[in-house]
Amino acid sequence: MQAASTLASQALGEVAKWVAPGVTTQRLDTIAREYICDNGGTPACLGYGGFPGTLCIEVNETVVHGFPSAYTLRDGDIIGTDIVAELNGYHSDMCYTFPVGNVDEKVMALLRTTKESLYKGIEAAVVGRRVGDVSNAVQTYCEKRGYSVVREFCGHGIGKKMHEDPEVSNYGRRGTGPVLRNGMCICIEPMINLGSKNIVMSQDGWQTRTRDRKPSAHFEHTICFENDETRILTTFDYIEAALEANGVDPMIVRGETEISTQV
């Protein structure tokens with residue numbers, strides 16, 4: 001799981017080098033696919049249920065499962081890049097939402113809060129506690145700041161399959177749901193909207209956007225529980241190093257509540 005997670009993290013680090021106005025989302029998808037394949041992995045989303053890309057592309061109001069396309073990124077866009085890498089029979093899943101050029105401060109605040117809520121969820125993910133504790137931590141953190149939480153999509157268990165039990169919602173009550181146990185691997189992935197929580201799915205059954213067309217942000221880590229400790233297997237370090245090299249201050253999207261790879 002760690003090897004797959006490192007591969008996914010490095011692949012998004014390569015993608016991060018190219019996120020800029022004038023670049024197509026298809027180009028970003030090709031970069032991710034080639035990196036995973038060149039390093040012995042398999043882009044698990046590609047062909048999954050007919051999905052046409054390596055990355056789920058989430059531009060502006062797209063919440064999840066957007067297709068790579070000829071769309072050219074514009075100054076002021078945001079783009080989520082959700083990736084699943086398979087290596088040696090194991091999967092890892094992560095997502096990062098990038099600012100493109102000069103992004104409105106209200107939208108940047110959404111990105112920061114969503115990213116911070118991911119780490120709030122991870123802080124609540126402790127062996128012996130329940131999935132609902134994670135869900136409630138994400139929901140409470142975002143809703144107190146005036147944002148809405150997508151209900152229809154959630155995090156999940158992961159391992160030899162891309163999606164395993166348990167489901168890990170981004171809303172819920174503390175003390176409910178399955179118990180978190182040693183040996184489990186789960187994905188926590190807040191999907192948070194600037195406006196209403198309501199979403200609309202396109203006729204292709206994949207691409208989903210906010211109903212009010214206001215922006216949505218999405219961040220995700222794969223974590224595991226081992227020896228009563230919580231480990232973050234994926235990392236944003238490669239991404240934020242690439243942003244910094246491109247002259248983008250990673251602090252503009254770095255959450256104030258980020259925690260180490262072991263909590």
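1. The structure as a whole holds zero disulfides. Cysteine 45 is buried, with a relative accessible area of 7%, and cysteine 187 is buried at 0%, where buried means under 20% relative accessible area, exposed over 50%, and partly exposed in between, with a 1.4 Å probe and protein chains only.

2. On provenance, this is a predicted model, in which local features need pLDDT of at least 70 and side-chain atom pairs count only at pLDDT 80 or more, while totals for chains, interfaces and linings use all residues. Residues are numbered from 1 along each chain as its sequence is written, and side-chain values use heavy atoms, with hydrogens and water left out.

3. The largest pocket has a volume of about 390 Å³. Here a pocket is an open set of points on a 1 Å grid over the protein atoms alone, where a 1.4 Å probe fits, with protein on both sides within 12 Å along at least five of seven lines, and lining residues have an atom within 4 Å of a point. Points are joined across faces, edges and corners, and the volume is the space filled by probe spheres set on them. Of the 24 lining residues, the closest to the centre of this pocket are His65, Cys154, His156, His163 and Glu189. Strands S4 (78-87), S7 (155-157) and S8 (164-168) are the elements that give two or more residues to the lining, strands being DSSP runs of E with at least two residues and helices runs of H or I with at least four, numbered from the N terminus.

4. Strand S8 gives the most to that lining, with four residues. Proline 166 has its place in strand S8, and a cis peptide bond with omega of about 0° joins aspartate 165 to proline 166. By residue class, the lining of the largest pocket divides into twelve nonpolar, five polar and seven charged residues, with Ala, Val, Leu, Ile, Met, Phe, Trp, Tyr, Cys and Pro counted as nonpolar, Asp, Glu, Lys and Arg as charged, and the others, Gly among them, as polar.

5. The largest nonpolar core has 57 residues, and those with the most contacts inside it are Ile79, Ile83, Ile188 and Ile239; such a core is a set of buried Ala, Val, Leu, Ile, Met, Phe, Trp, Tyr and Cys residues joined through side-chain atoms within 4.5 Å. Helix H3 (residues 105-124) supplies the largest share of this core, eight residues. Apart from it lies another core, of seven residues, among them Ala44, Cys45, Cys56 and Val84. Leaving aside neighbours within four places in sequence, isoleucine 83 is in contact (heavy atoms within 4.5 Å) with residues including Ala8, Leu12, Ile36, Leu55 and Met94.

6. Strand S3 (residues 62-64) holds valine 64, and strand S12 holds threonine 208. Valine 64 is buried at 3% relative accessibility, and threonine 208 is buried at 2%. Not counting residues up to four places away in sequence, valine 64 touches Thr208, Phe153 and Trp206, among others, and threonine 208 touches Val64, Phe153 and Ile199, among others. Valine 64 and arginine 209 are 145 residues apart in sequence, with 7.3 Å between their C-alpha atoms, and threonine 208 and glutamate 58 are 150 residues apart along the chain, with C-alpha atoms separated by 8.9 Å.

7. Asparagine 88, in the loop between S4 and strand S5 (90-99), has a phi near 55°, a positive value in a residue other than glycine, and at 68% relative accessibility asparagine 88 counts as exposed. Arginine 213, in the loop between strand S12 (208-210) and strand S13 (216-218), also has a positive phi, near 60°.

8. Proline 52 is found in the loop between strand S1 (42-43) and strand S2 (55-59) and counts as partly exposed at 44% relative accessibility. Not counting residues up to four places away in sequence, proline 52 touches Leu46 and Phe67.

Technical notes. A disulfide is a pair of cysteine sulfur atoms within 2.5 Å.
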